[in-house]
Amino acid sequence: MEVEIMTMTPNTTRGQALATQLEETTDSLIAQIEPCSEAQWRASAPNEDRSVGTMVHHIAVQAPIVAGWGAQVGNGEIPPVTMEIVHADNAAHAAAHTSPDKAETLDLLRRNTAVAADILRGLSDAQLEQSVPLPLVGGQPFSAQMIIEMVLIGHIQGYPHSHLPNIEAALAG
């Protein structure tokens, strides 16, 4: 799924804070992953039908896409994504990336986090407050900031569907 990255308005304190939160969350994930052994990298995580490496690759790939959804909502557009699309894309990704290289994946995570953070830094307060009926959550109104906090940052940690607890459990053995 391709998301066009739009030119945003000047930096805001809230956009900057969200970008920093994303970077810090990603840095924390990387700090846990970098020292893991090859066996831990390939370990299957509880509640996930994929390895730690595949989950980290998934997080890396999704960062700029989800940031783009936030930008779309900030511009009053409705991202054309549903849970069915998400599940299908996740399954296709897991099948295509069963054994990603750790160094390449961490590099991808760093690069894509930087792209996503740049998108967030460009969002104005008004864009962050903009809401649209989001098909991803059954048409409920979601603001750009909610997407960023709950789906982008929360995807890694903090919300019920986050991957970090499963990754930590796999690393603990």
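**Entry 1**

I looked up the surroundings of Ile-167 and found Leu-29, Ile-33, Val-52, Met-55, Val-56 and Ile-59 in contact with Ile-167, neighbours within four places in sequence being left aside. Contact here means heavy atoms within 4.5 Å. I note that this is a predicted model, in which local features need pLDDT of at least 70 and side-chain atom pairs count only at pLDDT 80 or more, while totals for chains, interfaces and linings use all residues. Residues are numbered from 1 along each chain as its sequence is written, and side-chain values use heavy atoms, with hydrogens and water left out.

I then turned to the largest nonpolar core, which has 46 residues. Ile-33, Trp-69, Leu-120 and Ile-167 are the residues with the most contacts inside this core. I take a nonpolar core as a set of buried Ala, Val, Leu, Ile, Met, Phe, Trp, Tyr and Cys residues joined through side-chain atoms within 4.5 Å. Buried stands for under 20% relative accessible area, exposed for over 50% and partly exposed for values in between, with a 1.4 Å probe and protein chains only.

Two or more residues each are given to this core by helix 1 (13–33), helix 3 (52–74), helix 5 (102–121), strand 1 (131–134), helix 7 (144–156) and helix 8 (164–172). Helix 3 supplies the largest share, twelve residues. The helices (H or I, at least four residues) and strands (E, at least two) are DSSP runs, numbered from the N terminus.

**Entry 2: helix 1 against helix 5**

I examined the packing of helix 1 with helix 5 and found an angle of about 170°, with the axes 8 Å apart. Axes are lines fitted to C-alpha atoms, for helices over the stretch in contact, and angles run from 0 to 180 degrees between N-to-C directions. The two helices, helix 1 and helix 5, are therefore roughly antiparallel to each other. By the convention used, angles under 35 degrees count as roughly parallel, over 145 as roughly antiparallel, 65 to 115 as roughly perpendicular and the rest as oblique.

On the helix 1 side I listed residues including Gly-15, Ala-19, Thr-26 and Ile-33; among those they meet in helix 5 are Leu-106, Leu-109, Thr-113 and Leu-120. The contact of helix 1 with helix 5 comprises eleven nonpolar, five polar and four charged residues. In this classification Ala, Val, Leu, Ile, Met, Phe, Trp, Tyr, Cys and Pro count as nonpolar, Asp, Glu, Lys and Arg as charged, and the others, Gly among them, as polar.

**Entry 3: helix 1 against helix 7**

Arg-14, Leu-18, Gln-21, Leu-22, Thr-25, Thr-26 and Leu-29 of helix 1 meet Gln-145, Ile-148, Glu-149, Leu-152, Ile-153 and Ile-156 of helix 7. I recorded seven nonpolar, four polar and two charged residues in the contact of helix 1 with helix 7.

I followed Thr-26, a residue of helix 1. Thr-26 is buried, with a relative accessible area of 2%. Residues up to four places away in sequence not being counted, Thr-26 touches Leu-109, Thr-113 and Ile-156.

**Entry 4: salt bridges**

I found six salt bridges in the structure. Each is a side-chain nitrogen of Lys or Arg within 4 Å of a carboxyl oxygen of Asp or Glu.

Arg-14 and Glu-129 form one of them, at 2.8 Å from N to O. Arg-14 belongs to helix 1 and Glu-129 to helix 6 (residues 125–129), so the pair ties together parts that are 115 residues apart in sequence. Arg-14 is partly exposed at 26% relative accessibility, whereas Glu-129 is exposed at 51%.

For Arg-121 and Glu-23, I noted a salt bridge with the closest N and O atoms 2.8 Å apart. This pair links distant parts of the chain, Arg-121 lying in helix 5 and Glu-23 in helix 1, 98 residues apart. Arg-121 is buried at 19% relative accessible area, and Glu-23 is partly exposed at 24%.

The pair Glu-38 and Arg-42 also forms a salt bridge, with the closest N and O atoms 2.8 Å apart. Glu-38 and Arg-42 are four residues apart in helix 2 (residues 38–42), and so are separated by about one helical turn. I logged Glu-38 as partly exposed at 46% and Arg-42 as partly exposed at 41%.
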